[in-house]
Amino acid sequence: MKVGDLVKHRYKDMIWLDPGDDDPEKDFVLEWKNNQVGTVLGFTLYDDPGPDFGPENYVKVLIPSGIGWIWESQLQIMGTVPK
């Protein structure tokens, strides 16, 4: 996965994404429907996101409702940018 790739989330229904700002009132307010595609804008590697997980990228995506963050393992690539 790289910047510019088109992605969808792997869930059956709509999900909510975190916009990634410091306002706790805005946590997980971006709606992403399962039939919508997003564009990868960037990555942040978390070396230890939790005791049950290894290192994983937290991916910044542009979706119809705004810009949000989601774990890379929750995404499916739908189209890639040429090298």
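What share of the contacts in the protein with a separation of 6 or more comes from residues 24 or more positions apart?

1. The answer is 54%, where contact means heavy atoms within 4.5 Å. A word on conventions: this is a predicted model, in which local features need pLDDT of at least 70, side-chain atom pairs count only at pLDDT 80 or more, and totals for chains, interfaces and linings use all residues. Residues are numbered from 1 along each chain as its sequence is written, and side-chain values use heavy atoms, with hydrogens and water left out.

2. On secondary structure, the protein has seven strands and zero helices, giving the pattern β-β-β-β-β-β-β along the sequence. Both are DSSP runs numbered from the N terminus: helices are H or I with at least four residues, strands E with at least two.

3. Of the 83 residues, 27% count as buried. Buried means under 20% relative accessible area, exposed over 50%, and partly exposed in between (1.4 Å probe, protein chains only).

4. Now the aromatics: a search of the whole structure gives two pairs. Rings of Phe, Tyr and Trp (its six-membered ring) pair if their centres lie within 6.5 Å; planes under 30 degrees apart are stacked, over 60 edge-to-face, and the rest tilted. Tyr-58 and Trp-69 are stacked, at 5.6 Å centre to centre and 20 degrees between the planes. Because Tyr-58 sits in strand 5 (residues 56-63) and Trp-69 in strand 6 (residues 66-71), this pair ties together parts eleven residues apart in sequence. Tyr-58 is buried at 14% relative accessible area, and Trp-69 is buried at 17%.

5. The rings of Tyr-58 and Trp-71 have centres 4.6 Å apart and planes at 45 degrees, so this pair is tilted. Trp-71 also lies in strand 6, so its pairing with Tyr-58 of strand 5 links parts 13 residues apart in sequence. Trp-71 is partly exposed, at 25%. Tyr-58, Trp-69 and Trp-71 form one aromatic cluster.

6. Please also look at His-9, in strand 1 (residues 6-9), which is buried at 4% relative accessibility. Its side chain reaches the backbone nitrogen of Tyr-11 at 3.1 Å and the backbone oxygen of Trp-32 at 3.2 Å. Neighbours within four places in sequence aside, the contacts of His-9 include Ile-15, Lys-33, Ile-70 and Leu-75.

Conventions. A polar contact is a pair of N or O atoms within 3.5 Å; within protein, one must be able to donate a hydrogen and the other to accept it, and residues adjacent in sequence count only if both atoms are side-chain atoms.
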